[in-house]
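Welcome! Take a moment to look over the structure below, and then we can walk through how its chains meet.

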Amino acid sequence: MDNQLNSNILDLYRTLGNNTPLSYKGPIDDHILQVIGTYIGGLLKHSPKAGKKVFKIFIELAQNISYYSAERSKLSNNKDIGTGMVLISEQAEYYTFMTGNLVKTDDIITIIEKSEVINSLDREELRQYKREQRKLPPGKKGGAHIGLIQVALTSSNPLDIEVNPVDDEHSFFSIAVKIDK
Amino acid sequence: MENLEIEGSHKNFFIPTVSFNAKTGICEISGESFLEDTVEFYKQIVEWLERYIDEVKGPIAFIVKLSYFNTSTSRSLLDILNLLKDYEDEGGEVVVNWHFDENDVDMEEDIDDYIIDTGLDINKIPY
């Protein structure tokens with residue numbers, strides 16, 4: 001048995017702690033979306049309003065990973081699925097929903113720029129921006145941006161974006177968003 | 001012309017229930033919409049409406065009772081509403097009734113955005 005690995009997983013477990021009702025790392029296909037989606041529904045039954053928001057945000061961000069993550073997994077049915085992380089943490093007043101995945105460094109500038117635009121807009125401007133983006137033909141990459149706009153609208157909080165280079169070609173892109181209870 | 005009937009499900013994705021009646025023109029979509037291939041799913045709905053407008057030329061009452069839809073669905077809904085607006089502009093009789101949970105502020109905003117986007121009179125019906 002590899003003791004090093006065992007103590008790593010214990011560290012991870014402790015780091016996540018009691019206020020992380022959900023954490024997942026792996027490929028995100030339709031089954032995972034369904035399972036986690038259902039789980040969120042049950043988990044947040046006591047706060048239905050926040051629960052619905054967490055669910056909506058989960059669908060948009062998890063779908064972005066599934067489509068656009070630079071890290072891919074081949075499933076047994078030969079489907080090529082994006083891999084990434086999904087985390088929910090709970091505080092007294094709010095939930096934080098987080099995702100993280102690898103992105104090609106070439107694509108990262110666009111994502112950061114879009115996120116900054118989103119964070120600079122008030123609610124009315126954000127709605128207008130969404131309407132403008134929605135009218136554009138649904139190119140694959142464009143789809144991710146309207147998802148991010150929707151996440152900002154649903155949470156009513158800014159997107160907390162971080163990018164850390166991991167090698168010459170890839171960066172780890174993480175996004176955290178607060179959902180008030 | 002045949003009716004369009006699709007039974008909704010919650011299995012892997014959320015497939016909405018679709019019931020479009022070619023005799024009465026009452027076209028209802030309900031449930032939740034989050035699909036593997038949104039464009040493909042809504043294509044059959046748009047094509048049905050185009051045929052109805054072309055052949056039957058009757059009134060259309062579009063009834064929306066969706067409690068949840070994702071952003072790619074929201075694009076397809078816009079396509080449907082634009083089609084209905086064009087039909088109305090050409091003299092077709094169109095009514096859109098959108099039912100929503102009165103506590104769901106986001107959904108009400110979505111409906112308002114569709115009204116702005118399409119210029120259609122959408123009746124907002126809280127429940």
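This is a predicted model: local features need pLDDT of at least 70, side-chain atom pairs count only at pLDDT 80 or more; totals for chains, interfaces and linings use all residues.

The partner of K79(A) in a salt bridge is E36(B), with 3.0 Å between the closest N and O atoms. K79(A) sits in the loop between β2 (72–74) and β3 (80–90) of chain A, while E36(B) sits in the loop between β3 (26–33) and α1 (38–56) of chain B, so the pair joins two chains. E36(B) is partly exposed too, with a relative accessible area of 47%.

**The interface as a whole**

How many residues of chain B are in contact with chain A? There are 24 of them, and they touch 28 residues of chain A. Together the two chains bury about 2,500 Å², with 44% of that area on carbon and sulfur atoms. T71(B), R75(B) and D106(B) supply 28% of the area that chain B buries against chain A, more than any other three residues.

The rule finds 19 residue pairs in polar contact across this interface. On the chain B side, β4 (60–69), α2 (71–89) and α3 (105–118) each supply at least two residues, and α3(B) gives the most, with eight residues. By type, the residues on this side of chain B divide into eight nonpolar, six polar and ten charged.

**Salt bridges between the chains**

Side chains of opposite charge can pair when their charged atoms come close.

| Residue in chain B | Residue in chain A | N to O distance |
|---|---|---|
| E109(B) | R123(A) | 2.8 Å |
| D106(B) | K53(A) | 3.0 Å |
| E109(B) | R127(A) | 3.8 Å |

E109(B) lies in helix α3 of chain B and R127(A) in helix α5 (residues 123–135) of chain A, so this pair links two chains. E109(B) is buried, with a relative accessible area of 14%, and R127(A) also counts as buried, at 8%. D106(B) and K53(A) are both buried as well. A network of salt bridges links K53(A), R123(A), E124(A), R127(A), R131(A), D106(B), E109(B) and D113(B).

**A look within chain B**

Finally, find N97(B) in strand β5 (residues 94–100) of chain B. Its side chain makes a polar contact with the side chain of N123(B), at 2.8 Å. Leaving aside neighbours within four places in sequence, N97(B) is in contact with F62(B), I63(B), V64(B), N123(B) and I125(B).

Note on methods. Residues are numbered from 1 along each chain as its sequence is written. Chains are lettered from A and ligands numbered from 1 in the order in which they are written. Side-chain values use heavy atoms; hydrogens and water are left out. Contact means heavy atoms within 4.5 Å. Buried area is the accessible area (1.4 Å probe) that two parts lose on being put together, summed over both. A salt bridge is a side-chain nitrogen of Lys or Arg within 4 Å of a carboxyl oxygen of Asp or Glu. A polar contact is a pair of N or O atoms within 3.5 Å; within protein, one must be able to donate a hydrogen and the other to accept it, and residues adjacent in sequence count only if both atoms are side-chain atoms. Helices (H or I, at least four residues) and strands (E, at least two) are DSSP runs, numbered from the N terminus. Ala, Val, Leu, Ile, Met, Phe, Trp, Tyr, Cys and Pro count as nonpolar, Asp, Glu, Lys and Arg as charged, and the others, Gly among them, as polar. Buried means under 20% relative accessible area, exposed over 50%, partly exposed in between (1.4 Å probe, protein chains only).
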